[in-house]
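Dear colleague,

Please find the structure below, together with its sequence.

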Amino acid sequence: MLLTPRRVDEIADLILSETPLDIWPADFFAVHNPVWRHSLTLSHPIAPGTGLHALRERGPDSMLSELKAAGLRGRGGAGFATWMKWQACRNAPGPRAITCNADEGEPGTFKDRMLLMQWAHEVFEGMTIAALTVGATQGFLYVRGEYEFIAPHLRHVLALRHEAGWLGPNVAGSGQAFDIALHLGAGAYVCGEETALIESVEGKRGIPRTRPPFPVDRGYLGLPTVNNNVETFVQVAQIAVHGGQWFAAHGTEQSRGTRILSVAGDVARPGMYEIPWGVTVADVLQDAGAEDVQAVLVGGPSGKLIDASQLQRQISFEDLPTGGAFTVFNQSRDMVDVARQYTHFFANESCGFCTPCRVGCTQLVETADRLMAGHAGPADMARLRETGQIMQRLSHCGLGQTAAHPLLDVLAHFPDHIARKLVPDAQAFDLDAACVDMHHLEVRP
């Protein structure tokens, strides 16, 4: 559903009138997945079971060799070599497990939703190939709570794969047992981090673990665990069928294959675009019909915000890596307000486990709000930079380490936006000075 101002008003009217949900217009619930550019992955669906057949003929050792030849790196954002992760898990003492990260909580990302709705067989095929390669017996597809509407379809596909013998006690005649359970999250952004995801699967609060040990050594219930995301498993299944060289023929030296982007914001054609790694930001903007571009957020708010002078940069692990989000802002947008809203998102999603993130996010929000209200001065900006640096260095997980990115990037690339809102003589609250003053107060019984 395209959420326009008119549609927002219509939804608000239905809520205020307490109209029962089951009689809302059906088109309010329609989910569209427009794909504007197909390339390697989206142009080569595989028939269910063919990846498993190819693996049986090739063998686990050769499967690892094909993944190495393909140069496939995890599509979740970190970009770790898939074959190395699998080999490390395989070398660890069993039993072992597989988890698929379908949390997709990064604002502006929706390509995994399309893959879950239309490519579920390939997702499960990739997970099963991983299991047969590393010797895992249990798998979990961790789906974000907001994607509950896809769950019936996913359960149906799992049932079909059981009937076909591609899951169960003897997968594809391999003699190995493997099954996949669907696990719905509860809407926590931090569960997109692999160890927080594993904690959630175990029934615990989703708080990232201290690493090492890494999941390939001690993951689900202490078992060696392979965790990859939805797009990675789809491409694994295709590599099993078509081979590593077929995949490696696309992309750049360090970024092989293709990447599916979720393009949103101020563009004429929002939706999914599958691009070979190495294309420029400007290429994507042209495809999507973006005009009067002021900024592009590559990788979501935890990624990199660039201005219009950097549109020739490459989307690649060598330059601008991305988990799939690609959000465009035209000249009508107030970039300070954009950063403020993303900062509120991070503060709301912080699990509160560590002090740098818990306190730092609160300070970032307060500073951003004061800046938008016209109450911030240069000292506030200095404090903001200091807070951001502390969070990047000392936060327990990636949320806290990246929460200051939107504000820091606006400070770096849009200083004129900042300058227009600053009050030169505004004084930031000085905690140290306030504490000194307190020492002079008379304490009475």
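Is cysteine 89 buried or exposed? Cysteine 89 is buried, with a relative accessible area of 0% (buried means under 20% relative accessible area, exposed over 50%, and partly exposed in between, with a 1.4 Å probe and protein chains only).

Please note that this is a predicted model, in which local features need pLDDT of at least 70 and side-chain atom pairs count only at pLDDT 80 or more, while totals for chains, interfaces and linings use all residues. Residues are numbered from 1 along each chain as its sequence is written, and side-chain values use heavy atoms, with hydrogens and water left out.

Cysteines. The structure holds 0 disulfides, a disulfide being a pair of cysteine sulfur atoms within 2.5 Å. For cysteine 89, the closest cysteine sulfur belongs to cysteine 100 and lies 15 Å away, too far for a bond. Cysteine 397 is likewise buried, at a relative accessible area of 12%. Its closest cysteine sulfur is that of cysteine 351, at 6.0 Å, which is also too far for a bond.

Helices α13 and α14. Helices here are DSSP runs (H or I, at least four residues), numbered from the N terminus. The axes of α13 (residues 355-372) and α14 (residues 378-394) come within 10 Å and cross at roughly 155°; axes are lines fitted to C-alpha atoms over the stretch in contact, and angles run from 0 to 180 degrees between N-to-C directions. The two helices are therefore roughly antiparallel (angles over 145 degrees; under 35 is roughly parallel, 65 to 115 roughly perpendicular and the rest oblique). Their crossing is left-handed, meaning that the near helix is turned anticlockwise from the far one by less than a right angle; clockwise would be right-handed. Residues in contact (heavy atoms within 4.5 Å) include Cys357, Leu364 and Leu371 of α13 and Met381, Leu384 and Met391 of α14.

Helices α6 and α7. The axes of α6 (residues 120-134) and α7 (residues 151-163) also come within 10 Å, crossing at roughly 55°, which makes α6 oblique to α7. This crossing is right-handed. On the α6 side the contact is made by Ala120, His121, Phe124 and Glu125, which meet residues of α7 including His153, Leu154 and Arg161.

Asparagine 348. This residue is placed in helix α12 (residues 335-349) and is exposed, with a relative accessible area of 61%. Its C-alpha atom is separated by 9.8 Å from that of alanine 188, 160 residues apart along the chain.

With kind regards
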